[in-house]
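Hi there,

Here is the structure I promised to pass on. Have a look at it first, and my notes follow below.

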Amino acid sequence: MDKEEQVMSELWDLFNKKMWLDSFKMKTRLKGYNPSEVHCIEYIGGNEDSNVTKLAEAFYMTRSAISKLTRKLIEKGLIESYQKPDNRKEVYFRLTKQGDKIYKVHKELHREYKERDKAVFDKITEEQYDNMLGFTEKFNQHLDAEIKKLGVDITSGWCDKL
């Protein structure tokens with residue numbers, strides 16, 4: 001295995017292990033809510049004037065998928081929709097009291113995860129952080145360019161080239 005494959009393999013392993021560990025606690029503390037619901041609540045709780053387009057862009061999902069998800073969250077009483085007096089066309093979302101409780105539990109879980117992983121991150125030097133951030137920024141830019149080449153609109157699912 002060359003170094004490129006090794007880096008990608010290690011990143012994949014890190015991602016999978018972190019997701020497994022994190023979801024282990026989340027399944028207990030946020031029982032009855034699936035990850036997409038929790039992350040949608042997290043986004044709405046942390047971003048004022050969230051709407052379908054912003055959510056679709058943040059989650060790389062179609063607007064129709066986000067509409068379905070937000071309808072489900074409204075039915076569960078976790079979010080509510082609203083409109084601004086000066087813009088009756090656009091629909092925005094905010095958390096209800098019940099949704100805010102889920103938001104706070106999720107934030108607490110992330111604090112616990114950060115504390116769990118502190119032993120590793122405390123040993124990382126500024127130069128190592130800079131190198132890792134440089135790599136992820138370059139790789140993200142590359143992937144963005146590849147997505148653009150395909151002519152993909154992530155909010156609608158439309159692709160010019162396929």
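**Pockets, helices and overall make-up**

The second largest pocket takes the largest share of its lining, five residues, from α6. This is a predicted model, in which local features need pLDDT of at least 70 and side-chain atom pairs count only at pLDDT 80 or more, while totals for chains, interfaces and linings use all residues. Residues are numbered from 1 along each chain as its sequence is written, and side-chain values use heavy atoms, with hydrogens and water left out.

Leu11, Phe135, Thr136, Phe139, Asn140 and Leu143 line this second largest pocket, and its volume is about 150 Å³. (A pocket, on a 1 Å grid over the protein atoms alone, is an open set of points where a 1.4 Å probe fits, with protein on both sides within 12 Å along at least five of seven lines; lining residues have an atom within 4 Å of a point. A volume is the space filled by probe spheres set on the points, and grid points are joined across faces, edges and corners.) By class, the lining has four nonpolar, two polar and no charged residues. (Ala, Val, Leu, Ile, Met, Phe, Trp, Tyr, Cys and Pro count as nonpolar, Asp, Glu, Lys and Arg as charged, and the others, Gly among them, as polar.)

The largest pocket has a volume of about 1,400 Å³. Its lining comes to 38 residues, with Leu14, Phe15, Lys18, Asp117 and Phe121 nearest the centre. α1 (3-29), α2, α5 and α6 (126-150) each supply at least two of the lining residues, and α1 gives the most, with 14. Sorted by class, 21 are nonpolar, seven polar and ten charged.

How do α2 and α5 sit against each other? The axes of α2 (residues 35-46) and α5 (residues 97-121) come within 9 Å and cross at roughly 100°. (Axes are lines fitted to C-alpha atoms, for helices over the stretch in contact, and angles run from 0 to 180 degrees between N-to-C directions.) The two helices are therefore roughly perpendicular, a label for angles of 65 to 115 degrees.

Overall, the chain has six helices and five strands. (These are DSSP runs numbered from the N terminus: helices are H or I, at least four residues, and strands E, at least two.) The C-alpha atoms fill a box of roughly 55 × 45 × 25 Å, taken along the principal axes.

Best wishes

How values were computed
Parallel < 35°, antiparallel > 145°, perpendicular 65-115°, else oblique.
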